[in-house]
Amino acid sequence: MQRFVRSTFVFCAMVLAVTTSGAAAHAESRTDAGNPLAAPDCVRFSASWRYTLVTSDCFDTHTVKVVYRDGTDVPCRLAPPGALITFPGYGTMGNEVLGVDLCDTGEGA
């Protein structure tokens with residue numbers, strides 16, 4: 001029984017390590033690629049299956065949208081200083097929120 005528990009633990013640890021490093025590499029590549037649309041650090045998000053909450057601690061107003069792994073397109077929303085904006089969450093089908101991007105409004109906003 002102890003051998004089974006130990007091998008199960010090792011297997012789970014390996015799966016977790018591979019999954020975590022892959023997600024971290026993906027997130028790192030998105031920001032390190034110099035994504036010109038990435039929102040500034042003063043725009044933060046918290047994602048759950050139902051809602052993604054975006055907060056703006058910026059001094060300027062930005063127009064933002066949430067980016068999803070499966071390419072779900074959501075409308076851009078205005079984020080004035082101190083705003084808390086609600087976007088759809090990642091759902092129950094394995095989608096993931098990758099981050100928040102600035103929208104190109106064509107007006108330099």
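## Confidence of the model

Across the chain the mean pLDDT is 78, with 63% of residues reaching 70 or more.

This is a predicted model, in which local features need pLDDT of at least 70 and side-chain atom pairs count only at pLDDT 80 or more, whereas totals for chains, interfaces and linings use all residues. Residues are numbered from 1 along each chain as its sequence is written, and side-chain values use heavy atoms, with hydrogens and water left out.

## Overall architecture

Helices (H or I, at least four residues) and strands (E, at least two) are DSSP runs numbered from the N terminus.

Of the 109 residues in the chain, 23% are buried; buried means under 20% relative accessible area, exposed over 50%, and partly exposed in between, with a 1.4 Å probe and protein chains only. Among contacts between residues at least 6 apart in sequence, 56% join residues at least 24 apart.

## The three-stranded sheet

An open, antiparallel sheet is formed by three strands in the order E4-E3-E6, where two strands pair if DSSP finds at least two bridges between them. Its edge strands, E4 (77-79) and E6 (97-102), each pair on one side only. On average, and with direction ignored, neighbouring strands of the sheet are turned by 40 degrees against each other; the axes are lines fitted to C-alpha atoms, for helices over the stretch in contact, and angles run from 0 to 180 degrees between N-to-C directions.

Strand E3 (residues 62-68) is joined to E4 by three bridges, and the two run antiparallel. In this pairing, His62 stands opposite Ala79 in E4.

## Disulfides

Two disulfides are present, each defined as a pair of cysteine sulfur atoms within 2.5 Å. Numbered in sequence order, the bonded cysteines pair as 1-2, 3-4.

The sulfur atoms of Cys42 and Cys58 are 1.8 Å apart. Because the torsion about their S-S bond is about 90 degrees, this disulfide is right-handed. Cys42 lies in the loop between helix H1 (2-32) and strand E1 (43-47), and Cys58 in the loop between strand E2 (51-56) and E3, so the pair ties together parts that are 16 residues apart in sequence. Cys42 is partly exposed at 23% relative accessible area, whereas Cys58 is buried at 5%.

Cys76 is linked to Cys103 with an S to S distance of 1.9 Å, and this link is left-handed, with -100 degrees about the S-S bond. Since Cys76 sits in the loop between E3 and E4 and Cys103 in the segment after E6, the pair ties together parts that are 27 residues apart in sequence. Cys76 is partly exposed, with a relative accessible area of 38%, while Cys103 is buried at 7%.

## Nonpolar core

A nonpolar core is a set of buried Ala, Val, Leu, Ile, Met, Phe, Trp, Tyr and Cys residues joined through side-chain atoms within 4.5 Å. The largest one has 14 residues, of which Val43, Val54, Val64, Ile85 and Phe87 touch the most other members. E3, strand E5 (84-88) and E6 each supply at least two residues, and the largest share, three residues, comes from E3.

Leaving aside neighbours within four places in sequence, Val64 contacts residues including Val43, Val54, Ile85 and Phe87, together with both Cys76 and Cys103.

Terms used. Contact = heavy atoms within 4.5 Å. pLDDT = per-residue confidence, 0-100.
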